[in-house]
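This note is for a colleague who is new to the structure. Please read it beside the sequence and the model shown here.

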Amino acid sequence: MLNTCLLSPEKDPMGAAIADYARSGKAARLRVFSSQFDEDEIPVKELFRSEASMPHLEQTALKLATGRILDVGAGSGCHSLALQKAGKDVHAIDISPLSVEVMKQRGVCHATQTNLFSEQFCGAYDTVLMLMNGSGIVGKLENMPLFFRKMKQLLAPGGCIYMDSSDLKYLFEEEDGSFLIDLADSYYGEVDFQMQYKNVKGDVFDWLYIDFQTLSYYAAENGFKAELIEEGKHYEYLARLSQV
Ligand code: SAH
């Protein structure tokens, strides 16, 4: 099942961290819990990265974005601001009320609190950007058909999606370089996360990392083609998805 909800401020830890950082230039720890991994942290400063300090994959996606652009899960608005600076037309959406407020304060001209999967949300975008493991928002492999159906509603003719993701198989690498993956288990890129900032704790949510081959398979099953645009140094990549 896809999540079509919006967050409330009491359940918006990442938004709270973004709001603190926007206000004071610093933030406390944004903690990340998962049933699969040890506790981790997201450096809040990195959510405010400038174009120059972005990973190369993201810089490439920004360069390739044209026409009416949708920035999905825009966070602090770092990509939207870079696109606006380049004179491009961008609509930033996020389910986080606090992030949307910050985006508006930071000068993102068109930022709305919108869930990508909401029934009412439609449009005609030439480019849909899903960055910082943008596949995450899809949550689980079983949601792929619904994701592509939504994309058909949102893309203008000839439009495309730029999505980055990582192949998590490196987590299963053995000393001899082989990969030990239990195929009877659920897909290894399906994980769950929960975040906490100060005393604000969010709900647990599904997050999908997907390897390029699996993405290509689901794309083809759903009337899209996937092209590998760029690979990073550590199993991460940028893909273009377009309707066939
Ligand atoms: N793109 C930003 C933030 C990435 S974090 C960056 O690169 O810095 C992922 C963001 O997606 C969070 O801000 C989260 O609130 C938002 N999000 C998660 N599910 C969403 C959905 N279904 N629709 C819109 N935004 C979503």
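Predicted model: local features only at pLDDT ≥ 70, side-chain atom pairs only at ≥ 80, totals over all residues.

1. Residues are numbered from 1 along each chain as its sequence is written, and side-chain values use heavy atoms, with hydrogens and water left out.

2. The whole structure holds 11 aromatic pairs, a pair being rings of Phe, Tyr and Trp (its six-membered ring) with centres within 6.5 Å; planes under 30 degrees apart count as stacked, over 60 as edge-to-face and the rest as tilted. One of them joins Y21 and F48, tilted, with 4.7 Å between centres and 40° between planes. Y21 lies in helix α1 (residues 13-24) and F48 in the loop between β2 (40-42) and α2 (56-64), 27 residues apart. Helices (H or I, at least four residues) and strands (E, at least two) are DSSP runs, numbered from the N terminus. Both Y21 and F48 are buried (under 20% relative accessible area, with exposed over 50% and partly exposed in between; 1.4 Å probe, protein chains only).

3. The pair of Y217 and Y218 is edge-to-face because its planes stand at 85°, with ring centres 5.2 Å apart. A single aromatic cluster is formed by F37, F193, F205 and W207.

4. Helix α4 (residues 97-105) packs against α1 at about 30°, the axes being 7 Å apart (lines fitted to C-alpha atoms, for helices over the stretch in contact, with angles from 0 to 180 degrees between N-to-C directions). Residues G15, A16, I18, A19 and A22 of α1 meet L98, S99 and V102 of α4, contact meaning heavy atoms within 4.5 Å.
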